[in-house]
Amino acid sequence: LLYFNPNDNFYVNTNSNNYLRSFGLTNIVRVNKGCEEVLFLVRTYPGHFDLDKPFNILKMVRSLQALENTNWIAYLLNTDVNPLPLSGHIISNIMEKDNRIRIINIAVDHPYEKWTAGYDTTDKALDILRDFDVPWIVITNGDNIYSKRFLNDIPSPFYYDVVITNYWSRYGRPSLNGYPEVNPINMSATVCHRAFFQVGYIDLGGAILSLPRLQREYHRFMKFGAINSQDGYLFMQLIAQGWIVKHVDECLYAHAPNPYTCSALGGVWWNSPNSLSDLGDSCMNGQLAKQHLTVSLPKPVLEISLTGIQIMTLPEPYHSQHQANIMKEQMEFGRETMERRKEHRKTVCRELQKTLWKPNIKDYASYNGDLKVAGLISESDLLNHFWNNGCPEMRRISDPPPEYFAISSRPVKFISK
């Protein structure tokens, strides 16, 4: 197996004295302070248990077992109506030997839906864990992968409320102002995104959150409605409520899938997806890639990027047509997303408004095309526009901070186990 680590070779360490009693739905155990420091709530579904995919639940669990800070526990949470295929699976064997890894059973009565995105089940898990006595929580997915040093810089919970790290991701912003191309074939350097604690520039799995404060203030994802980006808007609310952030300026987390980690895991990056739903399967194993190269029509082209990533792309004009199809779908998705945000966030925004938090009105006006005549609109009118439109995100969609495209200063190293 190949395990992710962006900076150093690492090993799998399963020798831990930490022990967590098994539990059912109603008898969640209280963990003693000074023992486990971090709870990983691993949102998963049967697809993550397909070990033929380069990114899978086994790689994720092994990366947790390799953490240098062994004071953690992990609960696997099924967010799908179909049961996890645990019978005879290697994950079941691992759980028998490593008592830090457990299943949290919550009944799911509906298929996965993109707008809810499993956050309703996540909220139910947080309710069950409301008395859990652990300082920190990481809410992640079952195919994400962590560096062995991910938990090494956890501060005292008395000084910080959240820790964020830089991360690898398939997502990028258009290179309108000289930023690296989002097409990985054109990347001349290894780009690890520098995390910013705001909508669009951090992934939920790369944030270590204060569990006591999260529960005390009763933060829940579905308070923002079925908008697909509940995590980003939760971050906005945490900032507005004064959460103190520590940024660890290292690339310690791989959001799945992404081209860099795909290559390190021996996969081939599919660069011509035809729909948004195809993006999650952008990393193919070698056998599937070989099959596409042999029998698919039109025949894809296999290339090696400047950073050594194996990339498979359709020839023109098919590649451009696929890109156009995704862009059209993304624009439709974006329009519906904004309408949902306006509708679902009105109540939440009014609550946020009561905290006396005010947006930067000058920036808000310049970031929204219909408000560029900011000099002709009073500040009170701009504030009303902000709150009445569901307090929309405060950023330029196509113009991220330059620091977001951070060039990795160390090589990516992997070893086989």
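A disulfide is taken here as a pair of cysteine sulfur atoms within 2.5 Å. The model is predicted, so that local features need pLDDT of at least 70 and side-chain atom pairs count only at pLDDT 80 or more, whereas totals for chains, interfaces and linings use all residues. Residues are numbered from 1 along each chain as its sequence is written, and side-chain values use heavy atoms, with hydrogens and water left out.

**Figure 1. The disulfide between Cys-192 and Cys-251.** The count of disulfides comes to two; in this one, the S to S distance is 2.0 Å. Cys-192 belongs to strand β7 (residues 191-193) and Cys-251 to strand β9 (residues 245-254), so the bond links distant parts of the chain, 59 residues apart. Helices (H or I, at least four residues) and strands (E, at least two) are DSSP runs, numbered from the N terminus. The torsion about the S-S bond is about 95 degrees, and the disulfide is therefore right-handed. Cys-192 is buried at 4% relative accessibility, and Cys-251 is buried at 8%. Buried means under 20% relative accessible area, exposed over 50%, and partly exposed in between (1.4 Å probe, protein chains only).

**Figure 2. The disulfide between Cys-262 and Cys-283.** The sulfur atoms of this pair are 2.1 Å apart. With 90 degrees about the S-S bond, the link is right-handed. Cys-262 lies in helix α6 (residues 259-264) and Cys-283 in strand β11 (residues 283-284), 21 residues apart. The relative accessible area of Cys-262 is 0%, and that of Cys-283, also buried, is 10%.

**Figure 3. The β-α-β unit of β2, α2 and β3.** Strand β2 (residues 72-78) pairs with β3 in the parallel sense over four bridges; pairing requires that DSSP finds at least two bridges between the strands. Leu-76 has Ile-103 of β3 as its bridge partner. Together with helix α2 (residues 90-97), the two strands make a right-handed unit: with the strands pointing away from the viewer, the path from the first strand over the helix to the second runs clockwise. In β3 (residues 101-104), Ile-101 and Ile-103 point one way, Arg-102 and Ile-104 point the other way, and all are buried.

**Figure 4. The largest nonpolar core, of 67 residues.** A nonpolar core is a set of buried Ala, Val, Leu, Ile, Met, Phe, Trp, Tyr and Cys residues joined through side-chain atoms within 4.5 Å. Phe-40, Leu-41 and Phe-150 touch the most other members. Strand β2 supplies the largest share of this core, six residues. Apart from this core lies another, of 15 residues, among them Trp-168, Val-191, Leu-265 and Ile-311. Beyond its neighbours within four places in sequence, Leu-41 is in contact (heavy atoms within 4.5 Å) with residues including Tyr-75, Leu-77, Ile-104, Leu-126 and Ile-139.

**Figure 5. Salt bridges, nine in count.** The criterion is a side-chain nitrogen of Lys or Arg within 4 Å of a carboxyl oxygen of Asp or Glu. Asp-249 and Arg-194 meet at 3.0 Å, N to O. Asp-249 lies in β9 and Arg-194 in the loop between β7 and β8 (207-210), so the pair ties together parts that are 55 residues apart in sequence. Asp-249 is partly exposed at 44%, as is Arg-194 at 24%. A network of salt bridges links Asp-161, Arg-213 and Glu-217.
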